[in-house]
Each structure stands twice: as C-alpha cells, then as structure tokens.
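Dear colleague,

I am handing over the structure below, followed by an account of what was found in it. Please read the notes alongside the coordinates.

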Amino acid sequence: MFIGMPHNRKDDSVGVKTILIIIFLPACVALIFSIIQKTKIKSNKTMSDKNFTLTLPNIISVVGAMCAVMSIIILLLFTFLLNKPPHTIFYIAFGLFFWLGMYLIVKTLTFKVIVKDETITVFLPFRKTYSFNFSEITSVVRQTKKNRANSERIIIKTTINKKLIVESGAISYKRFVKKIQIIVDKEYLKGF
C-alpha cells in the first residue's frame with residue numbers, strides 16, 4: 001500500500017475493511033437516527049395559511065439515494081474485483097460522494113418547519129429542535145439567485161440567536177414568505 005513496502009494482500013484486505021467500515025457505519029447510524037426522529041415529528045395533515053408545514057421534496061432524497069447507491073456499488077466492485085485494492089484517494093473521493101448522498105437523504109427526512117399560528121418549530125438534521133414566535137424575528141433577508149430557475153431563499157434571525165435558512169424549493173415556501181410579510185414588521189424585512 002505504501003511506496004517501498006512489499007505488497008501483502010491480507011494486510012490490504014484488513015485496511016480496506018477498516019476504510020469501508022469508517023465510510024459506511026457512521027452513515028448508517030445517522031440514517032437510523034434520522035428515521036427515528038422522522039417518526040417523532042408530527043406533520044400537519046390539514047394545512048391552511050395559519051397552520052402548515054415546510055418540508056423538502058422527496059426528489060432530493062431520491063437523488064441522495066442514487067448518489068449513495070452508485071458510490072457503494074463502485075466502492076465494492078473496485079475493492080473486491082481488483083487484485084490490488086484502489087488507492088486511498090479513491091476511497092476518500094467515493095466515500096465523500098457516498099456521504100453527500102446520505103446527507104441529502106437525512107436532510108430530507110429530518111428537515112421540517114412547522115408553523116402553527118404564531119409559533120415556528122424547526123427540526124434540522126443533527127441539531128436540537130427549537131421554537132420561536134414571529135414576534136421574536138429580528139431580521140428576514142430574501143436572497144434571489146441569478147440562475148435559470150430564479151431560485152431564492154430567506155434567512156431568518158431571531159432574538160434567541162437562532163438562524164433559519166429556507167430555500168424556495170421547500171414545500172409551502174410561498175405560504176411561509178406570505179405569512180412573514182403579513183406578520184413581521186416591515187423594518188425587519190430586506191429584499192422583499
């Protein structure tokens with residue numbers, strides 16, 4: 001594996017197994033915890049302009065799953081079908097690609113913003129759930145990206161030192177922006 005050292009397939013297989021465990025095990029544990037967290041989050045089944053839920057579209061988790069599965073297939077094929085295991089950089093590159101796919105899946109499963117009357121409850125991946133009221137908002141910045149879709153996002157800051165970023169691709173995004181424009185003082189709104 002290292003330059004100048006004799007090649008020993010048995011030593012390589014132990015190193016390869018360790019690398020694969022380092023790549024896959026934490027991601028699988030994170031996915032399990034995300035699924036558990038998702039089952040605890042109560043979604044709003046009957047949405048209105050007063051009570052609604054912002055979530056990410058399921059297509060994001062599909063893209064993440066495709067990314068993760070393709071990485072797994074490539075990692076396993078190159079690891080076990082070649083006589084000599086690939087270089088460590090190969091494992092780092094495809095490990096990162098796998099982690100990106102897993103992050104998209106976990107984010108889709110756990111990202112949720114529940115708006116119920118005046119209260120906003122935020123569920124984010126790998127972070128503690130928190131709530132705040134519209135009256136606690138100190139700043140809302142609306143940013144528009146210059147791309148084909150003219151996508152945008154809003155960045156919300158609160159008196160409890162929390163920051164929430166919601167992209168325009170989120171389900172119920174327009175409803176959320178409309179409610180912010182109605183409730184939050186105009187002096188705290190930028191880019192609207």
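The accessible surface of the protein comes to about 12,100 Å² (by the Shrake-Rupley method with a 1.4 Å probe, where for residues only the protein chains shown count as cover), and carbon and sulfur atoms hold 64% of that surface. This is a predicted model, in which local features need pLDDT of at least 70 and side-chain atom pairs count only at pLDDT 80 or more, while totals for chains, interfaces and linings use all residues. Residues are numbered from 1 along each chain as its sequence is written, and side-chain values use heavy atoms, with hydrogens and water left out.

Of the 192 residues in the protein, 36% are buried (under 20% relative accessible area, with exposed meaning over 50% and partly exposed in between, for a 1.4 Å probe and protein chains only). The protein has four helices and eight strands (DSSP runs of H or I with at least four residues, or of E with at least two, numbered from the N terminus), and from the N terminus on they follow the order α-β-α-α-β-β-β-β-β-β-α-β.

Four of the strands form an open antiparallel sheet in the order β1-β2-β3-β4, where two strands pair if DSSP finds at least two bridges between them. The edge strands, each pairing on one side only, are β1 and β4. Within the sheet, β2 and β3 are joined in the antiparallel sense over five bridges, and V115 stands opposite I120 in β3. Helix α4 packs on this sheet and touches β1, β2 and β3, its direction making about 125° with that of β1 (axes are lines fitted to C-alpha atoms, for helices over the stretch in contact, with angles from 0 to 180 degrees between N-to-C directions; contact means heavy atoms within 4.5 Å).

In α4, the residues Y173, F176, V177, K179 and I180 are buried. Seen down the helix axis, the buried residues of α4 fall within an arc of 160°, so they line one face of the helix (the arc is that of the directions from the helix axis to the C-beta atoms). On the other side of α4, K174 and I182 are exposed.

Best regards
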